[in-house]
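Subject: Handing over the structure

Hi there,

I'm passing this structure on to you, with the sequence alongside. Please have a look at it first, and then read on for my notes.

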Amino acid sequence: MEVPDRSRKSGTIDLDDGEERDMAAERSRPRTTIDSTVLETIRRRSVTTRVEIARELGVTPATVTNAVKRLMAAGLVIEAGHARSTGGKRASLLRINDEARWALGCTIEPARLSLAAVDTTGALRSRSVLPLPLGREPATIVETLRQGLDLMSARDSLSSATGIGFAMPSTLPAELRTALTATTAELGIPALETDEATCAALGSFWSGEQPEQGLTATVHANSHLAIALLQDGAPIQHAAEAASVLDHVCIDPNGHLCDCGMAGCLNLYAAGSALVEQARHTGLAADLDVNGIEESVNADAVLIALTATRGDDRAEQIIDRAARALMQAVWPVVAGLGVDTVVLTGTWIQAAPAPFSRAATQYARDYGKGLGRPVTVKVSEVQPHPCAVGAAVLALKSFLSTTGD
Ligand SMILES: [Zn+2]
């Protein structure tokens with residue numbers, strides 16, 4: 001791979017006005033933020049030079065050089081040869097030292113607990129999926145986490161993990177959250193947690209399937225239907241965790257009554273239980289032997305989704321209805337905030353990428369006309385879904401932003 005060396009030009013051109021701008025930026029930003037931003041830029045560009053980074057971030061080459069010095073001392077960045085010479089000294093190429101550090105991500109679904117390990121580039125190193133036994137007593141979930149960590153430690157010593165991110169379902173009791181993070185703390189692994197949709201969005205972004213710039217919406221289906229927004233790859237924080245849940249957004253005021261007391265809520269159309277309920281009406285549930293009880297509802301929904309990909313009309317209609325309902329629920333956000341990309345994530349959505357994508361894209365095409373701009377819709381390809389990867393990325397970012405303290 002050839003990276004043109006433009007160091008001689010930009011090194012002098014940008015300096016005059018850049019220096020002042022840069023000094024102001026340096027005063028207002030803690031040094032660790034600059035390190036983290038430089039690291040993120042190197043990761044995104046795979047291989048790059050100090051000058052290219054300086055130009056992209058709008059800071060002086062000296063600032064980048066100092067940040068790179070600290071990142072190299074921490075073992076996070078290494079030099080990888082030289083750029084092609086355009087006359088004069090050739091610039092060193094920089095890349096992430098992907099062997100240096102790694103982080104863990106954990107997701108908890110109705111019937112399984114997943115762990116993923118990612119390296120500093122955000123690439124998946126290993127993962128393990130454990131069944132969560134029926135009943136799911138807090139002690140059982142904690143024990144399952146211990147077993148999962150044991151499995152992961154067979155490949156990498158846990159003491160070298162920088163941290164663990166938990167993609168916590170909002171239904172998880174506070175005591176259980178505390179017990180889970182205490183378990184990892186005992187092992188010396190710092191823990192942090194956030195909602196599943198934000199983790200899914202980060203996992204999808206770091207896997208390269210979302211644009212680097214702009215506002216993107218990630219829809220995540222698990223115990224809840226939720227949405228997370230990223231601006232240029234960074235999560236937009238909401239005031240309360242529950243604010244991202246779309247379960248009770250009204251799709252049809254004349255629809256069936258929901259448990260919440262209102263009619264036509266999204267979860268009656270697009271939740272895993274809704275897919276099973278629809279399958280009951282057409283006889284598909286009996287054919288597939290699915291019953292939609294809490295422990296199996298995700299697996300049941302996956303089965304229905306897979307059946308849709310095999311061309312079963314009944315299953316296709318269920319998926320079409322769910323995809324359109326999801327799009328209807330997020331559309332006010334897309335239209336009102338200027339979202340240009342919508343990524344659909346979650347096990348059963350990703351089990352039927354073609355039918356989901358077809359229906360959602362058609363919706364965006366129909367209603368995009370009114371917006372006067374195109375909206376891209378895609379189904380995530382990060383398997384089994386990007387949540388655990390995103391949770392690990394979260395732990396990694398937290399570690400990286402404190403490097404150099
Ligand atoms: Zn409701």
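Predicted model: local features only at pLDDT ≥ 70, side-chain atom pairs only at ≥ 80, totals over all residues.

Let me start with the largest pocket. Its volume is about 890 Å³, and 42 residues line it. To find the place on your screen, look for S223, N267, A271, S273 and V297, the lining residues that lie nearest the centre of this pocket. Four helices each supply at least two residues of the lining: α6 (138-153), α9 (267-270), α10 (272-282) and α12 (297-309). Of the elements, α10 provides the largest share, with 8 residues.

Next comes the second largest pocket, with a volume of about 460 Å³. Its lining is made up of 23 residues, and those nearest the centre are S36, T37, E40, D232 and K397. Two or more lining residues come from each of α3 (31-45), α4 (50-57), α8 (196-206), β10 (234-235) and α16 (387-402). Helix α3 gives the most here, 8 residues. By class, the second largest pocket is lined by 8 nonpolar, 8 polar and 7 charged residues.

Now for the sheet. Which order do its strands follow? In this open sheet of 5 strands, the order is β10-β9-β8-β11-β12, and the pairing is mixed. The edges are formed by β10 and β12 (376-379), each of which pairs on one side only. If you want a spot to check by eye, H220 stands opposite A226 in β9.

Two helices go with this sheet. Helix α8 lies across β8, β9, β10 and β11 (341-345), and runs at about 50 degrees to β9. Helix α13 (residues 313-337) packs on the sheet too, where it touches β8, β9, β11 and β12. The direction of α13 makes about 25 degrees with that of β9.

Enjoy exploring it!

Best wishes

Notes:
Residues numbered from 1 in each chain as written. Heavy atoms only, no water. 1 Å grid on protein atoms, 1.4 Å probe; cavity = no way out; pocket = protein on both sides within 12 Å on 5 of 7 lines; lining within 4 Å. Points joined across faces, edges and corners; volume = space filled by probe spheres on them. Nonpolar A, V, L, I, M, F, W, Y, C, P; charged D, E, K, R; others polar. Pairing = 2+ DSSP bridges. Contact = heavy atoms within 4.5 Å. Axes fitted to C-alpha atoms, helices over the stretch in contact; angles between N-to-C directions.
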